[in-house]
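Work through the exercises below with the model open. Try each task before reading its solution.

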Amino acid sequence: MNQNTPYCLPAGMSVETFLAEYWQKKPLLIKGGLPALVGMFKPEDVLGLAVEDGVSARLISQDDANPEQWSLKSSPLSEDDIDQTPKLWTILVQNLEQWSPELGEMWSHFDFIPKWQQDDIMVSVAPQGGSVGAHYDEYDVFLAQGYGRRRWMLGKMCDGDTPFVPNQPIRLLDDMGEIIFDEILEAGDVLYVPPGLSHHGIAQDDCLTFSFGFRRPNLVQIIDEIADVATNHSQLFRVLTLSQAAQKDAFELSSQSIQAMKSALLELLNSPAGDELFGSAVAELVSKRQYELVAFDDELSDNELKARLNDGECLLLNPACRFVRVADDWYINGECVCLADDERQLLLALIGGAVITSDDIANHLPTLCQWLNDNWLILV
C-alpha cells in the first residue's frame, strides 16, 4: 500500500482497535470514509455498463401492484430491461474493478485487512425507494456511498437457521429483530457490516452504493482444493497399510479401520509435507478469481508494447488480478508462479504502486509483455 493512502477508518481509530472491537463483531459508521469515491460514477454510467457483454449484473425489482412480490433477472440485461422496470428496482453489477482500474485502486484504503480476503467490488444503482430488501451476508462488507443517499437499517444477527420469506427469488428476511442502527449515508460515507448482521438499505434518491466485500473460504472449498493439489504428489497415491483385527462380520467397515485411515490423514496434515500441501492448497484457492478476467486488448508483441509505451502509455498492475504471497512463493489468479529474482523485484515494485513507462522497460520488456498478455498488467 502507498503509505500516503489513508485507511478507511474513523479519524483517530487505530487498526488494532477496529480489529479487536469491530471486525466480525459489530457495525461501524465511517463518516467521510472514502471522499475520493464521491462523483467518480453517476447512475447512468452503471446502467450503461450493466448492458455490456461480459458484465455480471442482476436486476431486482418489486411488482407495482404488489410490492411484496419480488423478481430477479440476471445478465445479460438489455436496454429494454432497464426501460421497462417497475417503479422500485435495483441493478447490481459485480466485479466492478475489472471495468474501472481507478475504482480498483481504492482497495488500498482497506489494506488493514489482508488482500487475500478481498472478494470483489459490487455497485448497486437504484432510484428513490429502490432496495434489495432486508437480508444478511455471509461475508464482511464495507458499504460505501458514492452518489446520492441511502438509508441503512441494521438489526439482529442471523445464521443458517434464520428463516427467509418463502416463494421469493432472492433471500429476504421477514424479521430483522430490534433495529440497532438507522441512519442515512451521504456520498463518501462508509458503513461496515460484519457477517450475519441483518441489514436493509433504501435509496433516498438516485443513488450508487459500492460494496467492498471480504470473505474467507469454507471448509468444503479447502478440502476440495487439497484434493486437487494432492494429485501432484505421487507419494500420496500409495495404498495405506493397516493392521487388521479379527472381526465376525466380513461385510463390516469397522470403526477401528475408519479411525486408522483418519489418523493417517491427520498425521500427513500435521507433518512438514502436510504443511506444504495445505499451504499450497489454500494459497491457490484464495488467489482464484470469482469472475473470469476480461482482456481489453489483443495480445501484443514486444515491439508493439514498446511502441505503445513510446507513445506515452504506461503499465500498471491490474487491480482485478489476485496476488497472494506465501513466504517467497507467489500465487497469481489461482496458480503458483515461478519468478526469477529480478522478476520478483519487478513484481514487488508494481505491487508497491510503480508505474512502468518507456524509460523503465530496459531488460524487462519480454517479461512485461508476457505479464500484460496474461492480464496481470494493464495499459493506460
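**Exercise 1. A salt bridge across the chain**

Task: Classify Asp-189 as buried or exposed, then find its charged partner.

Solution. Start with cover. Asp-189 has a relative accessible area of 4%, so it is buried. The classes are: buried under 20% relative accessible area, exposed over 50%, partly exposed in between, with a 1.4 Å probe and protein chains only.

Some ground rules apply here. This is a predicted model, in which local features need pLDDT of at least 70, side-chain atom pairs count only at pLDDT 80 or more, and totals for chains, interfaces and linings use all residues. Residues are numbered from 1 along each chain as its sequence is written, and side-chain values use heavy atoms, with hydrogens and water left out.

Next, the partner. Lys-31 forms a salt bridge with Asp-189, and their closest N and O atoms are 2.7 Å apart. The term requires a side-chain nitrogen of Lys or Arg within 4 Å of a carboxyl oxygen of Asp or Glu.

Then place the two ends. Lys-31 sits in the loop between strand 1 (28-30) and helix 2 (43-50), while Asp-189 sits in the loop between strand 8 (181-185) and strand 9 (190-193). The pair is 158 residues apart and links distant parts of the chain. Helices (H or I, at least four residues) and strands (E, at least two) are DSSP runs, numbered from the N terminus.

Finally, check Lys-31. Its relative accessible area is 52%, so Lys-31 is exposed.

**Exercise 2. Two further bridges**

Task: Where do Arg-215 and Asp-119 lie, and how many residues apart are they?

Solution. First confirm the pair. The side chains of Arg-215 and Asp-119 form a salt bridge, at 2.9 Å from N to O. Arg-215 is in the loop between strand 11 (207-214) and helix 5 (219-230), and Asp-119 is in strand 5 (residues 118-126). They are 96 residues apart. Now the cover. Arg-215 is partly exposed at 34%. Asp-119 is buried at 16% relative accessibility.

Task: In which helix do Asp-341 and Arg-344 lie?

Solution. Both belong to helix 9 (residues 341-351). They are three residues apart, about one turn of the helix. Asp-341 is exposed, at 61% relative accessible area. The whole structure holds eleven salt bridges.

**Exercise 3. Charge on the surface**

Task: Which residues gather in a patch of negative charge?

Solution. The members are Glu-52, Asp-53, Glu-79, Asp-80 and Asp-83. A patch takes residues with over 30% relative accessible area and no salt bridge, and joins like charges within 9 Å. Glu-79 has 48% relative accessibility and is partly exposed. Glu-79 lies in helix 3 (residues 79-83).

The protein has 25 positive and 59 negative side chains. Lys and Arg count as positive, Asp and Glu as negative; His and the chain ends are not counted. The centres of the two sets lie 6 Å apart. Each charge is placed at NZ of Lys, CZ of Arg, CG of Asp or CD of Glu.

**Exercise 4. Backbone exceptions**

Task: Which residues does the cis peptide bond with omega of about 10 degrees join?

Solution. The bond joins Ser-75 and Pro-76. Pro-76 lies in the loop between strand 3 (70-74) and helix 3.

Solution. Recall the background: most residues other than glycine have a negative phi, and most peptide bonds are trans. Ala-327 has a positive phi of about 55 degrees. Asn-375 has a positive phi of about 70 degrees. Ala-327 is exposed at 54%, whereas Asn-375 is buried at 18%.

**Exercise 5. Around Ile-378**

Task: Which residues are in contact with Ile-378, leaving aside neighbours within four places in sequence?

Solution. Locate Ile-378 in strand 16 (residues 377-379). It is buried at 12% relative accessibility. Contact means heavy atoms within 4.5 Å. The partners of Ile-378 are Pro-101, Cys-314, Leu-315, Leu-316, Leu-317, Asn-318, Pro-319 and Leu-372. Take Pro-319 and Ile-378: 59 residues apart in sequence, 8.9 Å apart C-alpha to C-alpha.

Key
Patch = residues over 30% accessible without salt bridge, like charges linked within 9 Å, V, L, I, M, F, W, Y side chains within 5 Å. Areas by Shrake-Rupley, 256 points an atom, 1.4 Å probe, with all protein chains shown as cover.
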